[in-house]
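Please look over the fold below before setting up any calculation on it.

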Amino acid sequence: MSGAGGRTMLAGERAPRAATLVHAAVLAAIHAACFPPAERWGETAIANQLGQPGGFGLFDPAGAMLLGRMAADEAEILALAVIPARRRQGLGRTLLTAAETLVRAAGGRVVFLEVACTNAPARALYAAAGYREIGRRSRYYHDGGDALVLARPLRRDAATDA
Ligand SMILES: CC(C)(COP(=O)(O)OP(=O)(O)OC[C@H]1O[C@@H](n2cnc3c(N)ncnc32)[C@H](O)[C@@H]1OP(=O)(O)O)[C@@H](O)C(=O)NCCC(=O)NCCS
């Protein structure tokens, strides 16, 4: 069976599910398990994002969620979170790859995202997935920390992505 991004899925592996408005509470619960109170997105905020033109979401009921949006041929990953008990099992990478597949299918040519300079796990995930630093936003986060702006160009064929 072929999974997101063309990778062969192993027995027992699940493909990420598309999130619709009815899943906003699930995504909010996962997000709340992963971020401090000041950075959490509630159900309403997530529903609003999913309802925006170009808004999309993916989740794994095991405890992973992703929110993104597309505009013209560009996409942005707005949130990616995996509950602590399920980290380092490939869920984050699988959701990211599935989002890239969706974006590519919709004609997207590049994916952008922001990550805190201090977020070593996320930076490692994005670097391993081919994202490169293209900018920096000073004092972007509530705690005064800087954000790095990362991007990954997408080609029509996943096998030739940069
Ligand atoms: C960042 C996050 C989404 C990663 O999810 P995950 O499911 O644990 O990541 P994966 O298991 O798919 O990891 C894929 C690769 O990323 C890198 N990586 C992920 N977590 C890492 C860590 N803690 N340390 C070093 N490398 C890490 C590794 O290269 C890993 O591959 P490997 O396990 O084969 O070595 C998760 O840690 C999380 O939800 N953190 C809190 C929320 C957050 O910071 N979100 C991102 C905001 S931009």
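A residue counts as buried if 20 or more other C-beta atoms lie within 10 Å of its own, as exposed if 12 or fewer do, and as partly exposed in between, with C-beta atoms placed from the backbone. Residues are numbered from 1 along each chain as its sequence is written. The model is predicted, so local features need pLDDT of at least 70 and side-chain atom pairs count only at pLDDT 80 or more, while totals for chains, interfaces and linings use all residues.

**Two arginines with positive phi**

Arg-88 is not a glycine, yet its phi is positive, about 65 degrees. It sits in the loop between strand 4 and helix 3. Is Arg-88 buried or exposed? Arg-88 is exposed, because 9 other C-beta atoms lie within 10 Å. Arg-139 also has a positive phi, about 50 degrees, without being a glycine. Its place is the loop between strand 6 and strand 7. Arg-139 counts as exposed because it has 10 C-beta neighbours inside 10 Å.

**Overall fold**

The protein has 4 helices and 7 strands. Here helices (H or I, at least four residues) and strands (E, at least two) are DSSP runs, numbered from the N terminus. Along the sequence the pattern reads β-α-α-β-β-β-α-β-α-β-β. Of the 162 residues, 31% count as buried. Two residues are in contact if their C-beta atoms, placed from the backbone, lie within 7 Å. Take the contacts between residues at least 6 apart in sequence: 55% of them join residues at least 24 apart.

**The sheet**

Two strands pair if DSSP finds at least two bridges between them. The 7 strands form an open sheet in the order 1-2-3-4-5-7-6, with mixed pairing. Strand 1 (17–19) and strand 6 (132–137) are the edge strands, each pairing on one side only. From one strand to the next, the twist averages 30 degrees. Axes are lines fitted to C-alpha atoms, for helices over the stretch in contact, and angles run from 0 to 180 degrees between N-to-C directions.

Helix 2 (residues 43–51) packs on this sheet. It touches strand 1, strand 2 (55–60), strand 3 and strand 4, and its direction makes about 120 degrees with that of strand 2.

| Strand pair | Bridges | Residues opposite each other |
|---|---|---|
| Strand 1 and strand 2 | 3 bridges | Arg-17 and Phe-59 |
| Strand 2 and strand 3 | 6 bridges | Gly-57 and Leu-67 |
| Strand 3 and strand 4 | 8 bridges | Gly-68 and Ile-77 |

Strand 2 is largely enclosed by the rest of the structure, because 5 of its 6 residues are buried. Strand 2 and strand 3 form a hairpin with 3 residues between them. Gly-63 in that turn has a positive phi of about 130 degrees. Strand 6 is hardly covered: the count of buried residues among its 6 residues is 0.

**Helix 3**

Helix 3 has 15 residues. How far does it reach from its first C-alpha to its last? The span is 21 Å, close to the 21 Å expected at 1.5 Å a residue. That expected span is 1.5 Å times one less than the number of residues.

Helix 3 lies across strand 2, strand 3, strand 4 and strand 5 (110–116). It runs at about 25 degrees to strand 3. Its buried residues include Leu-91, Leu-95, Ala-98, Glu-100 and Val-103. The buried residues of helix 3 pack against strand 2, strand 3, strand 4, strand 5 and helix 4. Gly-107 follows the helix, with a positive phi near 95 degrees.

**Around the ligand**

Which of the 18 residues around the ligand come nearest? They are Arg-87, Gly-92, Arg-93, Pro-121 and Ala-124. Strand 4 (74–82), helix 3 (91–105) and helix 4 (120–128) are the elements that give two or more residues to the shell. Helix 4 supplies the largest share, 5 residues.

The shell divides into 11 nonpolar, 4 polar and 3 charged residues. In this division Ala, Val, Leu, Ile, Met, Phe, Trp, Tyr, Cys and Pro count as nonpolar, Asp, Glu, Lys and Arg as charged, and the others, Gly among them, as polar.

Methods. A residue is near a molecule or strand if its C-beta atom, placed from the backbone, lies within 6 Å of it.
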